[in-house]
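Please walk me through this protein, starting with the overall picture and ending with a few individual residues.

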Amino acid sequence: MAIQWYPGHMHKARKEIEEAMPQVDLVIEVLDARIPYSSENPMVSQLRGDKPCIKLLNKSDLADPEVTARWIEYLEREQGVQASAITTLQPGMVRSIPDLCRKLVPHRDTMEKDIRTMIMGIPNVGKSTIINTLAGRTIAKTGNEPAVTKNQQRINLRNGIVLSDTPGILWPKVDNEASSYRLAVTGAIKDTAMEYEDVAMFAADYFLKAYPDEICERYKLKSLPATDIELLEAISRSRGALRPGGRVDYHKVSELLLHEYRSGKIGLLSLETPEMAEKEKTEVARKMAEKEALKQQKIEQEKLKRSGKRHND
């Protein structure tokens with residue numbers, strides 16, 4: 001699934017973040033608890049280097065709690081990383097973030113100097129709501145659509161923490177196709193940039209394998225459909241998402257499935273596990289290596305052509 005999602009302000013944001021990073025003590029990265037791997041921007045690791053990092057798995061109220069616990073353990077294997085599952089529906093969870101900051105950067109706290117943090121995350125992971133809760137007032141614009149924040153801003157929380165907000169930056173290209181679909185399923189990508197039916201079929205296929213009981217219960221299905229298209233057809237009949245003549249309205253049922261998933265009506269369903277992420281990382285690395293080898297081969301062939309041409313001349 002090809003998606004164009006690297007507008008000018010995101011390119012500008014990357015450069016600004018790069019310039020500001022040397023003055024930062026700690027990075028806070030907000031992830032979607034349903035897709036911690038797919039919502040983790042690879043540029044954040046590149047930009048932060050060896051700075052300590054808090055990874056907040058937001059929207060944990062929509063994710064499978066058992067899978068989220070495994071993600072926290074997996075993420076904390078990385079040196080200097082502290083992971084925590086939160087939901088902005090419980091402000092108390094958000095307000096515990098400054099304490100996490102102090103634990104990770106104790107030397108700043110003892111020096112009675114403000115801890116300079118930078119909060120980052122892809123669009124629509126709830127970053128702005130977290131900032132407003134921490135500040136105790138509306139500072140960052142919030143919205144259900146991705147890419148609401150456009151400019152960087154510094155916020156003094158007046159509790160020893162200074163927060164630099166950044167726009168939600170996406171990367172130019174997702175090398176893992178499954179991650180593209182997961183980002184679309186959760187709403188990290190604007191609905192206008194995707195084909196509902198295509199994304200819903202990906203979700204349906206995964207739900208059939210990972211959460212069959214929840215799917216059957218939500219849509220009152222007597223038996224589990226065998227394929228993604230059969231599941232969409234069964235939901236369509238169950239909910240009356242039909243065209244004249246009783247034909248399945250694939251767009252309507254796709255919309256219904258995605259919206260009900262995003263709102264948690266189907267259940268607490270995670271779209272990926274650490275084991276899936278490890279497997280996909282290996283596969284992506286293999287494909288990237290093959291692509292690079294092919295590129296080098298073409299370069300060498302072009303050099304030989306030019307060398308032969310010069311020799312003949």
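The model is predicted. The protein contains 13 helices and eight strands. Of its 313 residues, 48% are buried. The accessible surface comes to about 16300 Å², and carbon and sulfur atoms account for 50% of that surface. Among the contacts in the protein with a separation of 6 or more, 70% join residues 24 or more positions apart.

One pair of helices can be followed in detail. Two packed helices are described by the angle between their axes and the distance between the axes. Helix α9, residues 196-210, packs on helix α12, residues 250-262, at an angle of about 55°, and the axes are 9 Å apart. An angle between 35 and 65 degrees counts as oblique, so α9 is oblique to α12. The crossing of α9 past α12 is left-handed. On the α9 side, the contact is made by Y196, E197, V199, A200, A203, A204 and F207. On the α12 side, it is made by Y250, H251, S254, E255, L257, L258, H259 and Y261. By type, the residues of this contact between α9 and α12 comprise ten nonpolar, three polar and two charged.

The next stop is V44, a residue in helix α2, which spans residues 42-48. V44 has a relative accessibility of 1%, and because buried means under 20%, V44 counts as buried. Which residues is V44 in contact with, leaving aside its neighbours within four places in sequence? They are V27, E29 and M120. I28 is 16 residues away from V44 in sequence, and the C-alpha atoms of V44 and I28 are 9.8 Å apart in space.

The last two residues are picked out by their backbone angles. Most residues other than glycine have a negative phi. K59 is not a glycine, yet its phi is positive, near 65°. K59 is found in the loop between strand β2 (53-58) and helix α3 (65-75). Is K59 buried or exposed? Its relative accessibility is 18%, so K59 counts as buried, the cut-off being under 20%.

R158 also has a positive phi, about 60°, although R158 is not a glycine. R158 lies in the loop between strands β5 (153-156) and β6 (161-165). At 72% relative accessibility, R158 counts as exposed, because exposed means over 50%.

Key
Residues are numbered from 1 along each chain as its sequence is written. This is a predicted model: local features need pLDDT of at least 70, side-chain atom pairs count only at pLDDT 80 or more; totals for chains, interfaces and linings use all residues. Side-chain values use heavy atoms; hydrogens and water are left out. Axes are lines fitted to C-alpha atoms, for helices over the stretch in contact, and angles run from 0 to 180 degrees between N-to-C directions. Helices (H or I, at least four residues) and strands (E, at least two) are DSSP runs, numbered from the N terminus. Angles under 35 degrees count as roughly parallel, over 145 as roughly antiparallel, 65 to 115 as roughly perpendicular and the rest as oblique. A crossing is left-handed if the near helix is turned anticlockwise from the far one by less than a right angle, and right-handed if clockwise. Contact means heavy atoms within 4.5 Å. Ala, Val, Leu, Ile, Met, Phe, Trp, Tyr, Cys and Pro count as nonpolar, Asp, Glu, Lys and Arg as charged, and the others, Gly among them, as polar. Buried means under 20% relative accessible area, exposed over 50%, partly exposed in between (1.4 Å probe, protein chains only). Accessible areas come from the Shrake-Rupley method with a 1.4 Å probe; for residues, only the protein chains shown count as cover.
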